[in-house]
Amino acid sequence: MVTDKGARTSGRLVESMLELIQARGYSGTGLTTVTEHARAPKGSLYFHFPEGKEALGEKAVELAADQFRGLVTETVAEAASPGDVLRRVVDVLIGILAGSDYRLGCPVSVVTLEMGAHSERLRTACAAAFESWIGPMTEHLAGRGHTPPAARALATTVVSALEGAVIVSRARRDVKALRDAAQVLGDLLDQPPAKETP
């Protein structure tokens with residue numbers, strides 16, 4: 001049975017793993033570093049995550065997915081158009097990158113690139129994370145008049161382009177790639193849906 005204190009400890013471990021993956025990568029994040037960062041006893045890590053680092057990494061990816069999905073959902077409720085949703089989300093991403101001196105990026109892409117070919121558990125978690133962003137965006141675009149296949153293609157393109165723009169921005173230590181993506185994709189999303197040919 002996990003107590004409230006235990007749930008808080010588990011939550012701190014997951015949050016620390018997430019932050020450290022963003023800054024150091026999955027491979028560069030050791031469990032001792034995670035427990036020190038979380039200010040948690042080392043034994044608590046194996047109590048809450050008896051399957052070790054992969055289980056903790058999986059939960060960190062799920063947390064990242066939930067956070068980004070929450071951002072998109074909140075923005076959809078406030079924005080005037082799909083392009084406006086994208087531009088607002090990009091503003092948040094720019095704030096995270098610039099505010100962390102380009103240390104923090106998307107942990108899901110980091111884990112995918114490092115571990116996707118080595119851990120089916122982590123690859124599956126990353127695929128689910130991307131789908132959790134593509135799915136709601138697809139629904140939003142379909143609600144704006146796009147056919148389901150067109151909405152999904154657009155949503156997949158947006159998520160893929162933003163992931164790439166975050167990586168390029170970190171490499172260059174400049175957010176221009178994200179700003180360019182916001183402008184080009186935002187304009188694309190704001191165009192009226194193409195009419196289907198009979």
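**Close-up views of helix packing in a predicted model**

**View 1. Helices α5 and α8 in contact.** Leu86, Val90, Leu93 and Leu97 of α5 meet Val158, Leu162, Val166, Ser169 and Arg170 of α8, where contact means heavy atoms within 4.5 Å. By class, 7 of the residues in this contact are nonpolar, 1 is polar and 1 is charged; Ala, Val, Leu, Ile, Met, Phe, Trp, Tyr, Cys and Pro count as nonpolar, Asp, Glu, Lys and Arg as charged, and the others, Gly among them, as polar. Helix α5 spans residues 82-99 and helix α8 residues 148-172, and the two pack at an angle of about 25 degrees with their axes 11 Å apart. The helices α5 and α8 are therefore roughly parallel to each other, a term for angles under 35 degrees. Helices are DSSP runs (H or I, at least four residues), numbered from the N terminus. The model is predicted: local features need pLDDT of at least 70, side-chain atom pairs count only at pLDDT 80 or more, and totals for chains, interfaces and linings use all residues. Residues are numbered from 1 along each chain as its sequence is written, and side-chain values use heavy atoms, with hydrogens and water left out.

**View 2. Helix α6 and its buried residues.** In α6 (residues 107-115), the residues Pro107, Val108, Ser109, Val110, Val111 and Met115 are buried, that is, under 20% relative accessible area with a 1.4 Å probe and protein chains only. These buried residues pack against α1 (4-24), α4 (53-78), α7 (120-143) and α8.

**View 3. The packing of α6 with α7.** The axes of α6 and α7 are 9 Å apart, at an angle of about 145 degrees. Val108, Ser109, Val111, Thr112 and Met115 of α6 make the contact with Leu122, Cys126, Ala129, Phe130 and Trp133 of α7. This contact of α6 with α7 has 8 nonpolar, 2 polar and no charged residues.

**View 4. The surroundings of Trp133.** Residues up to four places away in sequence not counted, Trp133 touches Ala64, Ala65, Phe68, Arg69, Cys106, Val108, Val159 and Glu163.

**View 5. Arg103 between two helices.** Arg103 lies in the loop between α5 and α6. Its relative accessibility is 45%, so Arg103 counts as partly exposed, the class between buried and exposed, the latter being over 50%. Arg103 and Gln22 are 81 residues apart in sequence and 7.1 Å apart in space, C-alpha to C-alpha. Apart from residues up to four places away in sequence, Arg103 touches Gln22, Ala23 and Arg170.

Technical notes:
Axes fitted to C-alpha atoms, helices over the stretch in contact; angles between N-to-C directions. Parallel < 35°, antiparallel > 145°, perpendicular 65-115°, else oblique.
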